[in-house]
Amino acid sequence: MLERREGTSPAFRGIEIVLALCLLVLTAAAVGRLPILAFLVIAVCGVVIATRWLDQLCVLAFWTLPYMVVNMPTGVFTLKLPEVVAYLLAASFFARVILQKKPLSIPPLTPLVMVYLAILALAAACGPMVAEPFKGAVAPYDRNSPNFRSLSIVIWLGLSWMVVIALYHHIGRRPDLYWRCIRAHILAGGLASLISLGMYVAALQGIKFQDLGGAGIMRSLVPQSGDVLRLAGVAYEPLFLAFYLLTVIPITLAALLFWHVLLPRWLTTCCLLLQALAMILTFSAGGWAAIVIGLLLMIPLILKGNIPRRVLLTVAAGALAVLLSVATIFVIFEEYLTIITRITEKIAGADQVRQGEWAAGIGIFRDNILLGVGPGMAGYHFPRYHPLLQSQITTGSVPEVTNLYLMALTETGILGFIALISCWIGGAAVLIRAILKRGVGRNPGVYSLGCSLAACAIQYLSLNPLFLIYFCVTVGLALAGARLAEAQDENPSDIAYQPASRPSDQQSGGVR
């Protein structure tokens, strides 16, 4: 038997070499004749190779999460660096599951999400045709054109939920990996805020930072609104930076209150102050309103915190210094008071631009009550219902109803709205059950991530894309924490290495 193995081993290696050479030849031919095929071949190879480093990909996903400014062009559309890492993680995870034939654990609200995606697909198929004068200047084969916009949104949401499943299954059974991801999330938020604030200071000196986004659109990373500079930084839009900070500020505060083992408190304090200052300088109405709600929800956790008086005084002094600095700027420069007034009007719904969009959304919904006009298609019907627009804009972008819930009614009708709210309720039930099982103070991570998601629900009054990578990664981490909370209290000392595969994991694995 030994001789037979020795005889067959070289042949097996020879077959591998021949297959590898054939693959290289096919790839080389594809590069010359069909570049997109070459890209797909390389992507498949990368996914298979990455199955060996799922732990590292999980941590890397949080380190790269803020940097939407880094574009990864693929020809037809532009992916952002955090999207590439997250989708590679999801693809590698599912590849490993298939190759190793392991049982798959899925988040409890997955059936609700599948129903929502089905309704989106039905709304896309049944939506009314867009009149020729309203198609605007978008190229017919662009993914944002009327031909492909709805389909691309359904696909994007499906990919996003695959990321959630990957995080839930892989992190949700590994306390050590969960804490490594939490630590990476906090530190990445502090570093991204520091880099963004550095851009803001440089912009005050007249230095310009610009990003070449999708479709060749140039965006300033410190855009000017009237006479005021707003901070977009590494997220390339102030709205996106504010949204990202919503996902990290509550967990950073929880770390400061509870987890001195995870990070030194002086480092956590610095991260929190940098994140807070960056949030202020975004001047995002939705971000400001959402963070206030999120911090109010954090009060029960703050009351449970065991923080030394010295650290509390340091944090209070730092927060006071930040507020005084901002107040001084507002007093000296009158234009900053003007933008504060605009933010207040947006939050109160008195902004004329928002009122026009909402009026158009309500009109579209009244004429398409059951399934709406299709995902992402409201902007193409705006001119017919908007009080001011007479024709479609010609810059290549598509206007949106800047209110997630009204957008759901407008684009997916009453059926889509009910399905969306059911997903929100299902997710909230999972987190609340995990928190109540052990108490607020014994699971501060799950509680703070729940506060972040509640804040996201407010921020979505000014941000539509549910597939935004910040959101789905936060959902995945929160659900993974809730899964871990079913078995034990949170303990950052679990960050010490534990084997990736244990007998208990194999026994407890299954579709849930």
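This passage walks through the overall make-up of the chain and then looks at a few of its helices and residues.

The structure is a predicted model. Its chain contains 19 helices and six strands. Of the 512 residues in the chain, 50% count as buried. The accessible surface amounts to about 24100 Å², and carbon and sulfur atoms account for 69% of that area. Contacts within the chain can also be sorted by how far apart the partners lie in sequence. Taking the contacts between residues at least 6 apart in sequence, 78% join residues at least 24 apart.

Next comes a pair of helices. Two packed helices are described by the distance between their axes and the angle between those axes. For helix α3 (residues 54–64) and helix α4 (residues 81–100), the axes come within 9 Å and cross at roughly 160 degrees. Since angles over 145 degrees count as roughly antiparallel, α3 is therefore roughly antiparallel to α4. The crossing of α3 past α4 is left-handed. On the α3 side, the contact is made by Leu 54, Leu 57, Cys 58, Leu 60, Ala 61 and Thr 64. Helix α4 contributes Leu 81, Pro 82, Val 85, Leu 88, Leu 89, Ser 92, Phe 93 and Arg 96.

Thr 252 belongs to helix α8, which covers residues 238–258. The relative accessibility of Thr 252 is 0%, and because buried means under 20%, Thr 252 counts as buried. Leaving aside residues up to four places away in sequence, Thr 252 touches Ile 186, Thr 268, Cys 271, Leu 272 and Gln 275.

Leu 277 sits in helix α9, made up of residues 265–282. Its relative accessible area is 25%, so Leu 277 is partly exposed; that class lies between the limits of 20% for buried and 50% for exposed. Leu 277 can also be compared with Leu 323 in sequence and in space. Along the sequence, Leu 277 and Leu 323 are 46 residues apart, while in space their C-alpha atoms are 8.7 Å apart.

Note on methods
Residues are numbered from 1 along each chain as its sequence is written. This is a predicted model: local features need pLDDT of at least 70, side-chain atom pairs count only at pLDDT 80 or more; totals for chains, interfaces and linings use all residues. Side-chain values use heavy atoms; hydrogens and water are left out. Helices (H or I, at least four residues) and strands (E, at least two) are DSSP runs, numbered from the N terminus. Buried means under 20% relative accessible area, exposed over 50%, partly exposed in between (1.4 Å probe, protein chains only). Contact means heavy atoms within 4.5 Å. Accessible areas come from the Shrake-Rupley method with a 1.4 Å probe; for residues, only the protein chains shown count as cover. Axes are lines fitted to C-alpha atoms, for helices over the stretch in contact, and angles run from 0 to 180 degrees between N-to-C directions. Angles under 35 degrees count as roughly parallel, over 145 as roughly antiparallel, 65 to 115 as roughly perpendicular and the rest as oblique. A crossing is left-handed if the near helix is turned anticlockwise from the far one by less than a right angle, and right-handed if clockwise.
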